[in-house]
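Hi,

Here is the structure I said I would pass on.

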Amino acid sequence: MAATDARTLRALGGPAARDRARSAAEAGRPARERLPYMVHAEWTKLRTLPTTWLILAAAVLLTTAIGAAATSGLDPGHCRGTEPCAEDIVKQSLTGVLVGQVVVAILAIHAVCGEYATGTIRTTLTAMPDRVRVLVAKAVVVGGLTAAAGAAGVGAALGTARFVLLSQGFDHAHGYAALTLADGATARAAVGSVLNLVLVGWLTLGLAWLVRDSAGAIGSVLGLLYLSPVLASLANDPTWQHRLRKYGPGPAGLSVQNTLRLDRLDIGPWPGLGVLAAYTGAALLVGGLALCRRDA
Amino acid sequence: MDTTIEVAGLRKRFGQSLAVDGLSFTARPGQVTGFVGPNGAGKSTTMRMLLGLDSPDEGRALIGGRAYRDLRTPLFEVGALLDAAAVHPHRKGRDHLLWLAHSHGLPTRRVDEILELVGLSGAGRRRAGGYSLGMRQRLGIAVAMLGDPPVLLFDEPVNGLDPEGVRWIRGLLRAMAADGRTVLVSSHLMSELEDSADHLVVVGRGRLISDTSVAALLERASDGRVAVRTTARTQAIAALSGAGGEVAATGPDALTVSGLPSERVVALLTSYGVPFSEVSAHRATLEEAYMELTRDAEEFRAVAADGGFAPHPGED
C-alpha cells in the first residue's frame with residue numbers, strides 16, 4: 001500500500017503539480033473565456049464517436065444522390081409545370097435536402113439523446129455545470145458540422161445535377177442555362193438550403209433537450225417538419241392549405257429553394273426561412289428551460 | 001481555499017417518497033469520510049445534489065461554501081465518481097478523458113499521465129463498451145482525478161471490483177486524505193470502509209443516524225468491555241460474575257466482561273488463582289458497531305413504515 005501511495009502522489013505530482021494545473025487553466029481566465037473550452041470539449045465528444053461520421057457521410061450522399069435522381073427524371077420537352085413551360089431545375093437539384101434534413105436531425109439527436117441514454121450527461125454537467133453554455137457549445141458544434149456537411153451535400157448535388165441536366169438536354173436550345181452559383185437566385189437557393197439544414201439541426205437540438213429520448217425526439221421533429229404538408233394536401237379549404245404551407249416549419253423553410261414563379265409561392269424564400277428560424281428559436285428556448293430547470 | 005463539504009437540512013422528494021429527509025453533515029479536509037447506509041438510504045441523491053445535478057427541495061449542499069453550479073472550473077475543485085457505467089460504449093476510454101481535459105483546457109499529456117496512474121494505459125485506446133466493470137471503475141476514478149482536485153466524491157467506488165482493485169482504491173483514498181484532500185466515499189457495506197475511513201456518516205431512509213469518528217464509534221460499540229483468554233473458563237466466570245461483572249463466553253477459551261475495569265479483572269483472576277493468558281480491552285469491529293446502529297435503524301424503519309412512507313425505489 002505504501003507503494004501505491006508513493007506512486008499515486010508521484011503521478012499526481014503533489015501540491016506543486018496541482019498548483020501548476022490550476023494556475024494553467026484557472027488563473028487570470030475570466031468566466032467568459034470558458035465557452036471556447038466547452039466548444040472544444042463538445043467537438044472532441046462528437047468526433048470521437050464513429051457514428052457521427054457515418055451520419056455526416058449519409059447526409060452528404062443522400063442529398064447528392066436524391067438530387068441526381070430527381071433531375072434525371074426531367075425532360076425539357078415534357079413540361080410538368082404550367083405555362084410558361086419551365087422547370088425550376090435549381091429546386092429539383094436540391095430535392096435531396098428534404099431527406100438531408102432528416103439525417104441532420106439524427107445527428108442532433110445523436111449528440112444529445114446519446115448522452116442521456118448512456119448517462120454521459122451527468123459527466124458533462126459535472127464538468128460543465130453552466131447548462132446554458134452547454135446548450136450553446138453543443139449548438140455551435142452541431143451547427144458547424146451541419147453547415148459543413150450541408151455545404152458539401154448542396155455543392156455536390158448542384159454539381160451532379162448540372163452534369164445530369166446537360167445530358168438530359170436542359171441547354172440553351174431549350175431555354176435553360178447551366179446551373180451555376182454565379183446566378184443570384186441559384187446562390188440564394190444553395191445558401192438557403194444550407195441554412196435550412198442548420199436551422200433544422202438546431203430545432204432538433206431544442207426538442208432533444210426537452211424530450212431526452214431518441215425515439216421521442218425523432219418522432220416530434222418528423223411530425224413538426226412533415227405533418228403540415230401532409231395536412232395541407234388533405235385539406236379541402238384552399239385558405240387552410242395556404243396557411244399550413246405558409247406557417248408549417250418544413251415547407252416554409254424549403255421555400256428558399258425556389259428560383260421561379262416566386263410571386264406564386266405560399267411564402268417568400270427569406271420569410272419562409274424566417275418562419276423556420278422562429279420555430280427553431282422557440283424549440284431552443286423551451287429545450288434550454290427544460291435543461292436548466294430539471295434534475296439531470 | 002476552504003474544501004469542506006457541508007450538507008445542511010437537505011431535503012429531496014421524488015414523487016411520493018422522500019429520498020433525503022433533513023440530512024446534515026460535514027466532511028473535512030485531510031480525512032476520509034465514509035458515507036454509509038443501506039441501499040436506498042439517499043446517498044446517491046445527496047451526492048447528485050452536491051454536484052448540482054439535482055436541485056434540493058430544501059437545505060444546502062455546498063463545497064467550500066459554494067454551490068457546485070457556481071464553480072467555474074469544477075474539475076480543478078471537485079472530482080466525482082458517480083456511476084462508472086455511464087460512459088458511451090462506442091467511445092475509447094482515452095477519448096472520454098480527452099473531452100473532459102479539453103473542457104478545462106488541460107493538455108493531452110495530462111490524459112496519458114492519469115491513464116497510467118489508474119493502470120489503463122494499454123486499454124485507453126479501446127472502446128469503453130468492451131471494458132470490464134473494474135476497468136470502468138478505474139476510468140471513473142481517472143475522470144475524478146483528472147483535474148487533481150482537493151475534494152473527491154466517490155459513490156460506491158469498490159462496487160464490483162476484485163480484491164486487488166479494492167485494495168488499490170483503499171490505498172488511493174488514504175493517500176488522497178493524507179495529502180490533505182477532502183474525501184467523501186459512499187458505501188452500503190461498512191466492511192468496505194474498515195481501515196480506510198476516519199469519519200463516518202451513517203444514514204438510513206434519508207436521515208442521519210450517526211455522524212462520528214470511527215474511533216468514537218468503535219469505542220462506543222466496545223463499551224468498556226474486557227476480553228479474557230483463559231483455559232479455566234468456568235472458574236473465571238464464577239470469579240468474575242461473583243464480583244458483579246457481566247460475563248459472556250465468546251469462544252472455548254475466551255470471555256468478554258462488562259462492568260469491571262481490566263485492572264479489577266486481573267486482580268480477581270489472580271486472587272482466585274484462575275490461570276489466564278490474556279486480559280485486554282475488547283475491540284469491537286466496525287461491522288459490530290454498524291450492526292448496533294442499524295438495529296436502531298431497523299426500529300426507525302418500522303416506525304417510518306407505520307408512518308406510511310413508501311420505500312424509495314431505484315437507487316443503488
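Two residues count as in contact here if their C-beta atoms, placed from the backbone, lie within 7 Å. Keep in mind that this is a predicted model.

With that cut-off, take chain B: among its contacts between residues at least 6 apart in sequence, 71% join residues at least 24 apart. The chain has ten helices and 13 strands, and its C-alpha trace spans about 75 × 50 × 40 Å along the principal axes. Of the 316 residues in chain B, 49% are buried.

Now for where the two chains meet. On the A side 38 residues are in contact with 45 residues of chain B. H3(A) supplies the largest share of the chain A side, seven residues. By type, that side splits into 18 nonpolar, twelve polar and eight charged residues.

Then there's the packing inside. The largest nonpolar core has 153 residues, and those touching the most other members are Leu107(A), Ala108(A), Ala208(A), Leu97(B), Ala142(B) and Leu146(B). Helix H9 of chain A (residues 184–211) gives the most to this core, 15 residues. A second, separate core has twelve residues, among them Leu240(B), Leu260(B), Val265(B) and Leu269(B).

Leaving aside residues up to four places away in sequence, Ala108(A) touches Val142(A), Gly201(A), Thr204(A), Leu205(A) and Ala208(A).

Cheers

Key
Residues are numbered from 1 along each chain as its sequence is written. Chains are lettered from A and ligands numbered from 1 in the order in which they are written. This is a predicted model: local features need pLDDT of at least 70, side-chain atom pairs count only at pLDDT 80 or more; totals for chains, interfaces and linings use all residues. A nonpolar core is a set of buried Ala, Val, Leu, Ile, Met, Phe, Trp, Tyr and Cys residues joined through C-beta atoms within 7 Å. A residue is buried if 20 or more other C-beta atoms lie within 10 Å of its own, exposed if 12 or fewer, and partly exposed in between; C-beta atoms are placed from the backbone. Helices (H or I, at least four residues) and strands (E, at least two) are DSSP runs, numbered from the N terminus. Ala, Val, Leu, Ile, Met, Phe, Trp, Tyr, Cys and Pro count as nonpolar, Asp, Glu, Lys and Arg as charged, and the others, Gly among them, as polar.
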